[in-house]
Amino acid sequence: MEKVKWYIFASLGTYFLISYILFSKFTQEQKEPYMDEIFHVPQVQKYCEGRFNEWDPMITTLPGLYLVSVGIVKPSVWLAGWSGKVACSTEMLRFINLLFSSGNLFLIYLILCKLHQTDKTASTSRRILSALALSSFPVLYFFTFLYYTDAGSTFFTLFAYLMCLYGSHKISGLLGFCAVMFRQTNIIWVVFCAGVLIAQKFTEAWKTELTKKREDKVSTSTGASITEIKKVTQFMVEYILSATNVKSLISLTWPYIMLLVGFLVFIVFNGGIVVGDRSSHEACLNFPQLFYFFSFTLAFSISHSLSYQKIVNFIQSLKKHPIFFLSLTALSLFLVWKFTYVHKYLLADNRHYPFYVWKKIFQKHKLVPFILVPGYIFAAWSFVDSLKSKSLFWNLIFCVCLVAATVPQKLLEFRYYILPYLIYRLNIQVPSVFRLVLELGLNTIVNALTFYLFLNRTFHWPGSWEVQRFMW
């Protein structure tokens with residue numbers, strides 16, 4: 001046990017040291033606030049000065065990041081004798097995200113231990129490697145070095161999920177509130193925490209039902225047949241219609257329900273989910289966002305999501321269920337045709353990678369979005385196949401939350417995929433050491449390339465003297 005603790009703290013120390021070296025380089029090259037920092041940094045500096053009644057209308061998130069930052073830097077001022085300007089400088093504010101990032105590494109490790117505690121093949125070394133691979137996930141790791149909400153938002157959401165897994169639901173609800181204060185859409189993952197409990201109750205009741213009926217062949221895995229799914233659906237309806245069962249679920253999930261109700265009240269009084277600039281954050285039914293997410297997930301988990309055997313299994317599945325896959329393809333083509341939305345930022349801002357993804361791939365020809373559909377189908381199948389160890393009820397909950405987190409977003413923004421990707425990756429079986437090393441190596445290469453482009457490949461817009469940089 002002592003050796004395990006030493007490995008964990010050694011990993012944390014190494015991670016923090018490497019991150020701090022990169023942080024120093026970032027700060028040296030980009031001293032002034034960049035991109036969304038031009039809104040975040042001045043706002044928290046107002047809070048540092050005690051001006052809590054002033055708000056920048058261009059900011060769209062709640063002030064969780066700023067309140068936590070003030071709560072950290074104010075004691076630092078008193079303990080170290082720093083001036084207010086130093087404590088609330090861009091460098092110090094960015095450093096807070098470095099702390100959140102290190103916290104994320106530890107939380108990911110603890111969640112992996114809890115989720116896979118019965119998996120004897122998931123050794124300590126594999127869990128630590130998996131935690132390192134996930135904490136260095138390129139889209140999340142990059143924003144460790146800028147004063148953005150991502151690191152803190154992820155920290156409190158993962159913390160809430162961990163407490164939920166351990167049964168501390170009051171604490172989980174409180175942490176979920178903190179997560180929502182960082183980013184409103186985190187309410188979806190608060191609902192997910194409640195859904196995990198509901199899925200557990202459904203699974204237990206379903207197994208009891210099977211025992212009574214002696215229908216041992218019927219399962220709740222994602223590989224269930226249509227007939228089995230019908231039986232499960234009927235069971236769910238009957239379960240929910242029982243007042244006793246509903247009362248039991250409410251008594252179990254009430255901390256999350258209270259937070260959800262409070263959030264709905266906030267939406268009513270606020271007139272929407274967005275706090276500030278609503279014109280650029282309008283909700284729509286952008287169903288292809290699901291396809292982009294599945295492709296994104298396949299790309300970043302390719303070291304363990306793609307193999308020769310998996311391709312063979314997919315082909316066999318196509319042969320076994322041709323009508324289902326043909327119908328799914330037809331539906332996907334229709335969704336791409338009727339529900340593809342393109343945000344103005346995606347077409348105008350050439351500092352972000354999605355701009356080039358859209359320009360170099362989707363805008364090459366008008367048929368390209370349709371040609372990509374078979375790839376989407378495989379990516380979606382691979383996604384579902386990787387979660388086959390989870391119950392059908394768990395997968396239904398996760399699917400609902402995934403749709404809620406992605407489909408309403410008009411803008412193709414990889415940052416929106418951070419939390420659903422992490423939850424997916426945490427819940428699949430822990431890969432082998434070889435595949436984890438490949439995953440960590442891939443993330444390291446992508447991070448190195450991203451840092452190089454950001455720091456060294458600067459450019460200028462016509463008629464502007466400001467330095468522009470490439471980023472996620």
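This is a predicted model: local features need pLDDT of at least 70, side-chain atom pairs count only at pLDDT 80 or more; totals for chains, interfaces and linings use all residues.
1. Residues are numbered from 1 along each chain as its sequence is written, and side-chain values use heavy atoms, with hydrogens and water left out.

2. The disulfide is formed by Cys 48 and Cys 88, whose sulfur atoms lie 1.8 Å apart, and with -85° about the S-S bond this link is left-handed. The pair joins distant parts of the chain, 40 residues apart, since Cys 48 belongs to helix α2 (residues 37-48) and Cys 88 to the loop between α4 (84-87) and α5 (90-115). Helices here are DSSP runs of H or I with at least four residues, numbered from the N terminus.

3. Cys 48 counts as buried because its relative accessibility is 9%, and Cys 88 counts as buried because its value is 5%; buried means under 20% relative accessible area, with a 1.4 Å probe and protein chains only.

4. Cys 113 is in no disulfide, and the nearest cysteine sulfur, that of Cys 164, is 17 Å away. With a relative accessible area of 17%, Cys 113 is buried. Cys 401 is likewise in no disulfide, the nearest cysteine sulfur being that of Cys 193, 8.9 Å away, and Cys 401 counts as buried at 4% relative accessibility.

5. The axes of helix α9 (residues 169-182) and helix α12 (residues 243-270), which are lines fitted to C-alpha atoms over the stretch in contact, come within 8 Å and cross at roughly 25°, on a scale from 0 to 180 degrees between N-to-C directions. The angle therefore makes α9 roughly parallel to α12, the term for angles under 35 degrees.

6. Where do α9 and α12 meet? His 169, Lys 170, Ser 172, Gly 173, Gly 176, Phe 177 and Val 180 in α9 meet Leu 252, Trp 254, Pro 255, Tyr 256, Leu 259 and Phe 263 in α12, where contact means heavy atoms within 4.5 Å. The residues of this contact divide into eight nonpolar, four polar and one charged; Ala, Val, Leu, Ile, Met, Phe, Trp, Tyr, Cys and Pro count as nonpolar, Asp, Glu, Lys and Arg as charged, and the others, Gly among them, as polar.

7. Thr 297, found in helix α13 (residues 288-300), counts as buried because its relative accessibility is 2%. Leaving aside residues up to four places away in sequence, Thr 297 touches Phe 383, Tyr 421 and Tyr 424.

Key
Helices (H or I, at least four residues) and strands (E, at least two) are DSSP runs, numbered from the N terminus. Buried means under 20% relative accessible area, exposed over 50%, partly exposed in between (1.4 Å probe, protein chains only). A disulfide is a pair of cysteine sulfur atoms within 2.5 Å. Angles under 35 degrees count as roughly parallel, over 145 as roughly antiparallel, 65 to 115 as roughly perpendicular and the rest as oblique.
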